[in-house]
Amino acid sequence: KDQPAAPPRSAIDEVVDDIEIVEEEKSEASVWCECCSLQSAMKKALKTNNDPFRDEIDVMQQQLRAHYLYLLQQHLEFSHDKDVLVNLWKFVFYKKIEFIRKQLRHKHSEHSAQRTQLVHRLTHDIIPDAKQLYHAMLEKHLQRTHVSLHHPSPPSSPSYFVDELITNTTTATTTTNLSEIQLSLQMAHKTLIYIGDLERYQETYASTTATTAST
């Protein structure tokens with residue numbers, strides 16, 4: 001007899017698989033303590049040299065990223081209480097984004113090769129990486145809350161969300177953990193805010209590059 005197909009895996013599932021074995025013997029509190037130590041070490045290092053692209057900072061960011069994603073995947077309520085999602089944005093992505101934005105403000109020449117490199121790094125490396133992670137996170141939480149994102153045809157029509165707890169009585173009767181649904185809804189809402197910021201940055205600097213290229 002054929003086995004049912006496994007549900008599609010998100011980018012977060014892949015990341016968590018890689019780190020779950022390392023973290024499984026640690027409590028969420030001990031993982032969070034490691035996060036706090038890394039955060040303090042990063043702040044101290046950036047006070048000495050504010051460049052977040054140094055190898056020293058990159059190593060700490062990768063460790064924090066793994067810890068944050070593990071907590072967000074395996075300990076949602078704890079993550080909500082400790083603002084793990086905020087720290088993921090602040091320590092893993094925003095420091096690099098803001099560092100480049102500050103540099104761009106001081107690059108007055110629109111035709112500067114260095115400015116072009118900075119914009120490319122921001123719009124082709126950092127922002128796409130962050131968007132992929134946050135979209136995967138959004139998809140995961142929408143699944144948990146039984147909210148689906150519909151993309152109508154034609155593509156020019158706006159996408160919209162459908163609450164399956166209202167439209168599907170079978171889903172409603174089999175769903176019992178409303179507290180988890182509420183937490184995931186809050187996480188999905190916060191994730192949409194970060195996606196909106198990333199889209200705004202992408203559009204701002206991509207349009208700047210296009211304008212420069214056409215002059």
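The legends below describe close-up views of a predicted model.

Residues are numbered from 1 along each chain as its sequence is written, and side-chain values use heavy atoms, with hydrogens and water left out. Because the model is predicted, local features need pLDDT of at least 70 and side-chain atom pairs count only at pLDDT 80 or more, whereas totals for chains, interfaces and linings use all residues.

**View 1. Overall arrangement of the protein chain.** The protein chain holds 9 helices and 2 strands, taken as DSSP runs (helices H or I, at least four residues; strands E, at least two) numbered from the N terminus. Along the sequence these elements follow the pattern α-α-α-α-α-α-β-β-α-α-α. Of the 215 residues, 40% are buried, that is, under 20% relative accessible area, with exposed meaning over 50% and partly exposed in between (1.4 Å probe, protein chains only).

**View 2. The largest nonpolar core.** This core, a set of buried Ala, Val, Leu, Ile, Met, Phe, Trp, Tyr and Cys residues joined through side-chain atoms within 4.5 Å, has 48 residues, and those with the most contacts inside it are Tyr68, Leu88, Phe93 and Tyr134. At least two residues of the core come from each of α2 (28-48), α3 (55-74), α4 (76-81), α5 (84-106), α6 (113-145) and α9 (178-214). Leaving aside neighbours within four places in sequence, Tyr68 is in contact (heavy atoms within 4.5 Å) with residues including Trp32, Cys35, Val84, Leu88 and Phe91.

View 3. With 23 residues, α5 reaches 32 Å from its first C-alpha to its last, close to the 33 Å expected when 1.5 Å is multiplied by one less than the number of residues.

View 4. Trp89 and Tyr194 are stacked, at 5.0 Å centre to centre and 25° between the planes, and they link helix α5 to helix α9 across 105 residues. Trp89 is buried because its relative accessible area is 10%, and Tyr194 counts as buried at 12%. Ring pairs join Trp89, Phe93, Tyr94, Tyr134 and Tyr194 into a cluster.

How values were computed
Rings of Phe, Tyr and Trp (its six-membered ring) pair if their centres lie within 6.5 Å; planes under 30 degrees apart count as stacked, over 60 as edge-to-face and the rest as tilted.
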